Structure formats: structure tokens, C-alpha cells
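Please read them alongside the model.

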Amino acid sequence: MSKKREIAGNALMISIFTLMSKGLGFIREVMIANKFGSGKETDTYFVAMTATVIIMSTLGAALNTTLIPIFSEIDEKYGRKGKLKYLNNILNLVLIITVVIVIFGYIFSPLIIKVLASGFEGEQFDLAVKLNRIGLPIAVLLGLNYVFSGLLNSSQIFGPPAISGLPYNFVFLFYLFFLAKEANIVTLMIVSVIAALLQFLILVPAVHHMGYRYSLNINLRDRYLKRAMVLIGPVLIGSAVQQINIIIDKTLASGLIEGSISALNYASKINDMVIAVFIMAITTVIFPMLSQAFSQNNNEKVKEILGQGINIILIVTVPATIGLFILAEPMVYLFFERNAFDELATYMTSQALIFYSIGLIGASLRLMLNRVYYSLQDTKTPMINGVIAVVINLVLNLILIEPMGHVGLALATSISATVTTIMLFISLRNKIGPIGLFKYLLCFGKTLAASLVMGIVVYLIYYKLGAIIGTTKIIQMGLLLGSVAIGAAVYFGLCIVFKVKELGMIFKR
């Protein structure tokens, strides 16, 4: 099997399992909305979860970027034994750091909640603190999960990390379907901890099979530990500023009408599903190819691979943006609106989704461009770009929140992602020379034309035909699925007519 075919096969597997996990996660969100609605309790839960995982999400992104190349280098020089020795060092260090985070998180939980949700008062504030403290063990479990995943991925063992999201969601679904007869938000947080535990435990057999046996020993003088600390720095700051955007949005949303935080949360998760399933798979394929080309000092190859990756992302995200824009309200209505999730929650969530979808292309391309900079061993530019994104987001939030409410926060996030992506393009061109901008614009023009025709077809089928056929939920679900399927066929057909050459790479295995 050729290297490119092997990478494509692994990426396909990751994409399939991610799609399954995200599908279950979507059902999980639907069930939470069904049981708890979109109001004060869910606002409190989501803020508490953010307070619980925000630091480890930041640290985890940095670990993912730096651990894999270090593990690979150690394996090349010292073999598996040396790699497992380093694993024990980094695992114990992460364990110490996360335990410290939990201790300080417990002590300063009221202050953290006050920062994240300044609008919470009285019983809601007390509940948020209680939920945050219950969920703190998730930070330790996430830290261990990131380390084990880094080891396995560096050893080209992709299966366990790819499926780890499945048991996580199964725990939630088992609780929501069979045990949650009465909505209890405290129990939901306890279930969150159990789910995170199983997500980590599923990685343990694979690591054990590699020959790893845990030891309390730790060598803080290990040069690879020191190197990891140096490499993690800029990436950590870059990841942190991305999390600051989340904090800003939730803090401002906590002062809006009840349900604003939940609406933004549900909408962003629908929007992020496209990125998590498709864009992450594409970058998984492209990143090692970029790194190899850079190690060969072949800038032309870097540009060629970059062009392929960007055009594939455009092929996926342009029609997704049009589709989400047109079908936002029926999607939220059909999948979420029932029981505690009422018409107002549907309206608020769908409007947020529309404005989040505007930034889908920018957010996806930014993820790709960051990988390019990392392959060029430039972690400073993405870090600075991330800081600029926070500033733009904050300024726009303050401008848009009064006239637009929670959807203004979603629009600010989209504009910030788009503007900073353009800045990354400009900076990259200055760094490596012309990057084939005309080819990108040509691909964008073709996919946009095909997407607009697709959008018209989807609109006519769902809204016009739907008005004639009927309005029952079953009929509307059939119309939604049918319009998406026919719209996709029209889109890909037009892409073939327009000779979008990268289309074949998506289906190549």
C-alpha cells in the first residue's frame, strides 16, 4: 500500500468513526434538549462544562500538535522502549498538572463562574459552581486521553482514538433514554464524568498491548520534556486565545434573555459537525504530506499540497454553508423541538446557526492554514493571528450585541474567523511567495455557482413542495432528507460539469 493510499485510508476510517460519534453526539444534544429544554438549567450546565474543560481543551490542542512529532523522533532514535519511557514521563507530568488544575479549580470555582457567566446570580450561580466542581475530574481524564492518543497516533494506531467518542456518547444516551425519567441537571454532570472515564479507558488496552506499564518514576531532566515545553508554548497561547472567544461569547450571552447560551451552544455544535467530520479528516491527510514536503525544503510541493487541501475544503464547505443557511430552521425544528425545547428555542437556535454558518468557510480554511504554518515550524504567526481574532471578536460583540442579541455574537465569531483567515493567506504569501490565489478563486467561483443552484433546488423542494404536500413532521423529515439528497446530486453533478478537478480526490481511496 502506497503512503498516500495509507494516509487516505486512515483518514477515511477516522472520518467514518467521527461521523458515527458526531451522529451519536447530535442525538445526545437532541435528547438533552428534549429532557432539559433550552433555559436556565441548560445554560448553567453548559457554562459549568465550559469552566471544567476549557483549560484542558487548550492544553490538549497544544499536546496534540507537539507530542506526535516528538514521539516519532524518539521512536526513530531509541525505538519503542525509549518512546514508552518518555510516555511515562509526560503522563506523570500531565497527571500532576491536571490534579493541580482540579484543586485550584475547586477552590476558585465561584470566581471562574463569575468570569464565564457574569449574569448568573443567586440559585443559578450556586448551581453553576456545584456543577463545575462535580465535573472537575474530567480535566484529569482529558489530559490522560490526549497523551495516550498522541502515543497511538504516532505509532499509526488510529482505531482506538478514532472510536473513543463512541462510548462517551453511549453513556449519555443510556442515561437519557433509560434513566432520566425526571430531569436532574446534577445527575447529568455526574454522567458527563462517567462518560469521560470510559472515553479514556477504551485507549488503555491498546497502550498496554504496546508494552507500556505504568510507573511512578518521572525524570524532569529529560531533554524531550524540556523540548516539549518549548514547543508547546506558542501553540498553548494560540489555543488559549481561541478559548477566550468562547468565554467572551458565554459571558456576554449570560446577560441576555434566558436560553441564549443554550441556543448558541446547540447552533455551534451543528455548525462544528461539518468541521469535525470532514475538515479534520482532510487536514489529517494533508498535514503529514506538508511536513514531509517542508523537511525536503520543497516549497513548490508545499504549495501544490496546500492548493489541493484548500480546494477540497471549498468543495465541502461552500455547499454546506448554503445548505445550513437555507435549512437551519427546519433542521433545528425537526431534530430538537419537542417537550421542553419549544418554538422560541427553535427560533433562537436556528437564527444563531444561520449566522454561525457564514463563518464556516473561514473557520475551516483557518484550520488548514494553521497546519501549513506548523509544518513550516512557524507557531508564532498562528498565535498572533489568534490574538487578533479575539480582539476583532470582542469589538464586534460589543457593537452587535445590543441591536442583534445572541445572533450578533454568532455573527461576530463568523466575521472574526473570515477576516483572520484572509490575514493568514496574506502572511503566507509573504512567507513562501505566490500561492496560486487565482486557482483558489476559480474553484470558489465554480463551487459557489453550483451551490447556489443547489440552494434553489433545495428551497423549491422543501418549502414550495412542502407547502403543497403537508406539514406533518414525518412528511417534513422526508422532504428534508430528500431535498438534501437531491441537492447533493445536483451540486456534485454541476461540479463535474464545471470540471472541478479536486472533486475526485474526495472519493479516491
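1. Definitions first. Axes are lines fitted to C-alpha atoms, for helices over the stretch in contact, and angles run from 0 to 180 degrees between N-to-C directions. Helices (H or I, at least four residues) and strands (E, at least two) are DSSP runs, numbered from the N terminus. The model is predicted: local features need pLDDT of at least 70, side-chain atom pairs count only at pLDDT 80 or more, and totals for chains, interfaces and linings use all residues. Residues are numbered from 1 along each chain as its sequence is written, and side-chain values use heavy atoms, with hydrogens and water left out.

2. Helix α17 (residues 437–469) packs on helix α18 (residues 473–497) at an angle of about 155°, their axes being 8 Å apart. The pair is therefore roughly antiparallel; angles under 35 degrees count as roughly parallel, over 145 as roughly antiparallel, 65 to 115 as roughly perpendicular and the rest as oblique. The crossing of α17 over α18 is right-handed, a term used if the near helix is turned clockwise from the far one by less than a right angle, with anticlockwise giving left-handed.

3. On the α17 side, the contact with α18 includes Thr 447, Ala 450, Ser 451, Met 454, Val 458 and Tyr 462, and on the α18 side Ile 475, Leu 479, Ser 483, Gly 487 and Tyr 491 are among the residues involved. Contact here means heavy atoms within 4.5 Å. By class, 17 of the residues in this contact are nonpolar, six are polar and none is charged. Ala, Val, Leu, Ile, Met, Phe, Trp, Tyr, Cys and Pro count as nonpolar, Asp, Glu, Lys and Arg as charged, and the others, Gly among them, as polar.

4. Ser 451 belongs to helix α17. Is Ser 451 buried or exposed? Ser 451 counts as buried, at 0% relative accessibility; buried means under 20% relative accessible area, exposed over 50%, and partly exposed in between (1.4 Å probe, protein chains only). Apart from neighbours within four places in sequence, Ser 451 is in contact with Val 318, Pro 319, Ile 322 and Tyr 491.

5. Thr 472 lies in the loop between α17 and α18. Thr 472 is partly exposed, its relative accessible area being 45%.

6. Helix α12 (residues 299–336) and α13 have axes that come within 8 Å and cross at roughly 170°. These two helices are therefore roughly antiparallel. From α12 the contact draws on Thr 321, Leu 324, Phe 325, Ala 328, Glu 329, Val 332 and Tyr 333, and from α13 on Thr 346, Thr 349, Ser 350, Leu 353, Ile 354 and Ser 357. Sorted by class, the contact has seven nonpolar, five polar and one charged residues.

7. Ser 357 is part of helix α13 (residues 343–357). With a relative accessible area of 0%, Ser 357 is buried. Beyond neighbours within four places in sequence, Ser 357 is in contact with Asn 271, Thr 321, Leu 324 and Phe 325.

8. How is α13 placed against helix α16 (residues 406–432)? The two pack at an angle of about 20°, with axes 8 Å apart, which makes α13 roughly parallel to α16. The crossing of α13 and α16 is right-handed. Met 348, Gln 351, Ala 352, Phe 355 and Tyr 356 of α13 meet His 406, Val 407, Ala 410, Leu 411, Thr 413 and Ser 414 of α16. The residues of this contact comprise seven nonpolar, four polar and no charged.

9. The largest nonpolar core has 153 residues, and Tyr 86, Leu 87 and Ile 90 have the most contacts inside it. Helix α2 (residues 40–107) gives the most to this core, with 24 residues. A nonpolar core is a set of buried Ala, Val, Leu, Ile, Met, Phe, Trp, Tyr and Cys residues joined through side-chain atoms within 4.5 Å. Not counting residues up to four places away in sequence, Tyr 86 touches Leu 67, Ile 70, Phe 71, Ile 74, Asp 222, Tyr 224, Leu 225 and Ala 228.

10. Lys 499 sits in the loop between α18 and α19 (503–507). Its phi is near 60°, a positive value in a residue other than glycine. Lys 499 is exposed, with a relative accessible area of 67%.
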